[in-house]
Amino acid sequence: MGLFITFEGSEGCGKSTQARLIAEHIRTAGYQVSHVREPGGTAIGDQIRSIVLGMQNTEMDPTAESLLFSASRAQLVNQVIRPQLAAGGIVICDRYADSTYAYQGYGLGRNLADLRTVTAIATAGLVPDVTFWLRIDPAVGLRRKLHPNASAVEWNRLDAHELAFHQRVADGYEALAQAEPKRWVICDAGLPIEALAAQIRTTIEPFLHAGHVTISSVTERTTP
Ligand code: TYD
């Protein structure tokens with residue numbers, strides 16, 4: 001039931017813009033859409049977000065960090081995502097468990113099998129139907145994020161890692177996408193915004209007609 005779409009990628013890849021555009025598109029077509037982001041998406045998740053991303057928390061232990069992201073995810077899955085999917089709705093989530101594998105696993109070197117176990121507990125095994133990876137050279141993405149004209153720059157504790165960390169994260173995404181080609185859609189984040197949005201709309205179209213989602217009144221639960 002329902003349709004669960006996630007967006008993944010390195011800093012400055014433009015996934016939040018694309019998540020917003022596809023959410024608006026599907027909502028306009030009359031589907032019930034929840035558009036959320038991680039970490040956060042709930043009142044409790046937003047409190048966890050400020051702890052885990054806070055620049056002041058330089059002493060954050062990597063295990064604590066992984067568990068905080070997972071705690072935020074558990075709250076979001078149970079409070080928002082599962083109820084929405086059960087009602088035949090669509091969920092668009094800006095980052096999900098793959099971010100934990102890419103950042104804490106590949107980036108920080110935490111054990112991937114352990115992260116998968118924790119994720120299975122946090123989500124009770126909920127896996128997205130489709131995941132868009134907006135692929136970008138991490139150096140280019142960080143420059144984009146820091147550009148003086150970039151919209152609403154939010155420089156967080158994870159952004160502040162060295163470039164080698166961000167390269168490991170990007171390599172991690174590559175490995176994750178290659179391992180599950182049916183779920184992952186690899187997109188060129190260097191495309192103009194509208195061209196990329198069109199590609200995403202085309203990919204989503206068959207899912208909308210697959211009978212898992214119901215057209216109903218237009219409602220919005222949360223916006224990042
Ligand atoms: P955010 O400001 O939302 O940035 P972005 O626009 O890049 O999504 O910050 C989220 C940060 O948290 C980002 O640096 C990726 C990181 N993150 C993890 O390290 N692990 C996770 O499980 C999640 C969900 C995010």
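Q: In this predicted model, is strand S3 largely enclosed or left open by the rest of the structure?
A: Burial is judged residue by residue, with under 20% relative accessible area as the cut-off. Five of the five residues of S3 are buried, so S3 is largely enclosed by the rest of the structure.

Q: Which way do the residues of S3 point?
A: In a regular strand the side chains alternate between the two faces of the sheet. Here Ile90, Ile92 and Asp94 point one way from S3, while Val91 and Cys93 point the other way, and all are buried.

Q: Which strands does S3 pair with, and through how many bridges?
A: Strands of a sheet pair through backbone hydrogen bonds, and the pairing can be parallel or antiparallel. S3 (residues 90-94) runs parallel to S1 (residues 3-8), to which five bridges join it, and Thr6 has Cys93 as its bridge partner in S3. Five bridges also join S3 to S2, again running parallel, with Asp94 of S3 as the bridge partner of Arg37.

Q: In what order do the five strands of the open sheet lie, and which stand at the edges?
A: The order is S2-S3-S1-S4-S5, with parallel pairing. S2 (33-37) and S5 (184-188) stand at the edges, each having a single partner strand, so one side of each is left without a neighbour in the sheet. From one strand to the next the twist averages 20 degrees.

Q: Which strands does helix H8 lie across?
A: Helix H8 (residues 193-208) lies across S1, S3, S4 (130-135) and S5, and runs at about 170 degrees to S4.

How values were computed. Residues are numbered from 1 along each chain as its sequence is written. This is a predicted model: local features need pLDDT of at least 70, side-chain atom pairs count only at pLDDT 80 or more; totals for chains, interfaces and linings use all residues. Side-chain values use heavy atoms; hydrogens and water are left out. Two strands pair if DSSP finds at least two bridges between them. Helices (H or I, at least four residues) and strands (E, at least two) are DSSP runs, numbered from the N terminus. Axes are lines fitted to C-alpha atoms, for helices over the stretch in contact, and angles run from 0 to 180 degrees between N-to-C directions. Contact means heavy atoms within 4.5 Å. Buried means under 20% relative accessible area, exposed over 50%, partly exposed in between (1.4 Å probe, protein chains only).
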